[in-house]
Amino acid sequence: MIAKLSGFASLLLFGRSRTQLQRPSPPVRLGWRPALDGVRGVAILLVLLNHGGRLNWGFVGVDIFFALSGFLITTLLCEEWDDTGRISFPAFYRRRARRLLPALVLLVVGVAIAEQFEIMPHLLPLGIQILTTLLFLNNWVGPSYPDGLGVLGPTWSLGVEEQFYLVWPLTLFLLLRRGTQPRNMLILLVVSVLVLTLFGPGLGTVIGVMGAHGGFGNPLVRAAEPLVGCIAALIRQHFARTSRPLPMPVCWRWMGWLAVPAIAWIANSNASWPIRLIGPALCTGVLILSVLANEQGILTRILAFGPLRYTGRISYGLYLYQEPGNGLIGHFLPDKHLHANYILWFLAFNFALAMPSWHFIEAKFLTRQSRVVEKSSR
């Protein structure tokens, strides 16, 4: 037990020279981890239940998404650095475009068609909605015009993510290039999370992202959540570089089990805004490290359960099409929330849209992307 704890603590005490960072030992790659798809599945189900009127704290699903995204993106960037000694920014942004734009373009085309039949109400002109959506600016537009975006409102979170990824890859590259020790990188990120969480709402008023709690789309506040995922990625990557498994003290197993109920408790608590913001992201980071450190554990196998894993796989489409689905059902069923079976219709309709979107559009572009990466590595 002591040995395991000391192995984990070595991350904070271990220092490396620049040469060692640039010439690491063969790392253990993350690869595809089914349980992480399950985490994504839990997140999107929380969001859908929230927007379907059945779970008032389901909004924390977005916080889970942010933290998981920071973990996955940082892991991929670190693995690219370990393999090649560099980070290709054009390749990174091409991958982001292939992942996000196909389904997003399909969404705005569908909204443009619905506009002709006046099915989905909104305040802003359609052209402005489409432009701000495709430029990932709706986290700025949404707080200023709460009903202006109509069914495109949830795309505010895409704006937060993409604005974060305009800054983080370059920051990580500079830290790696300078040979920054893992301990110092973690200290820097922890301090950044604290500063953004405590002072981000106030800074939001300065940069013009207004709204509840300093703006729910405030990129400064929300950046703290993917940064938590980045911290988890650097912890995992430290052990991957030394070809060692993550240490697994007994307490980590319980912490993994407690992460999801802790998220629910924080979301329903009367805690201050910084705690309610960063708490779910911290719990997500713990959950990620827990399932990766105990791949044969019961929690990991539950999250890797086929239907939940598949839900996570198609979660992007489920997130994008939820409000159009809600709007269409509301158009034909104005008193929808009074119907006991409404949530079933809502979920069924969203899955009916997201499944073909994944198989016939999103996956096609991702497959093509994988072929390009494979050819470029030969």
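Guide: In this predicted model, helix H3 contributes three residues to the lining of the second largest cavity, the most of any element. H3, helix H13 (250–268) and H14 each supply at least two residues there.

Visitor: What makes Val39, Val42 and Leu46 lining residues of the second largest cavity?

Guide: A lining residue has an atom within 4 Å of a point of the space. Val39, Val42 and Leu46 are listed in that lining, along with Ile64, Val260, Ile263, Thr284 and Leu287, so each has an atom within that cut-off.

Visitor: How do you know that the second largest cavity belongs in the count of cavities?

Guide: The count takes cavities of 30 Å³ or more, and it comes to three. The second largest cavity holds about 60 Å³ of space, so it passes that cut-off.

Visitor: Why is the second largest pocket called a pocket and not a cavity?

Guide: A probe in a cavity cannot get out, whereas a pocket is an open set of points. The second largest pocket, with about 460 Å³ of space, is therefore open. Of its 16 lining residues, the closest to its centre are Phe59, Val62, Trp156, Phe216 and Arg222.

Visitor: What makes Arg222 a charged residue?

Guide: Arg is on the list of charged types, so Arg222 counts as charged. The pocket lining divides into nine nonpolar, four polar and three charged residues.

Note on methods
Residues numbered from 1 in each chain as written. Predicted model: local features only at pLDDT ≥ 70, side-chain atom pairs only at ≥ 80, totals over all residues. Heavy atoms only, no water. 1 Å grid on protein atoms, 1.4 Å probe; cavity = no way out; pocket = protein on both sides within 12 Å on 5 of 7 lines; lining within 4 Å. Points joined across faces, edges and corners; volume = space filled by probe spheres on them. Helix = DSSP H or I, 4+ residues; strand = E, 2+ residues; numbered from the N terminus.
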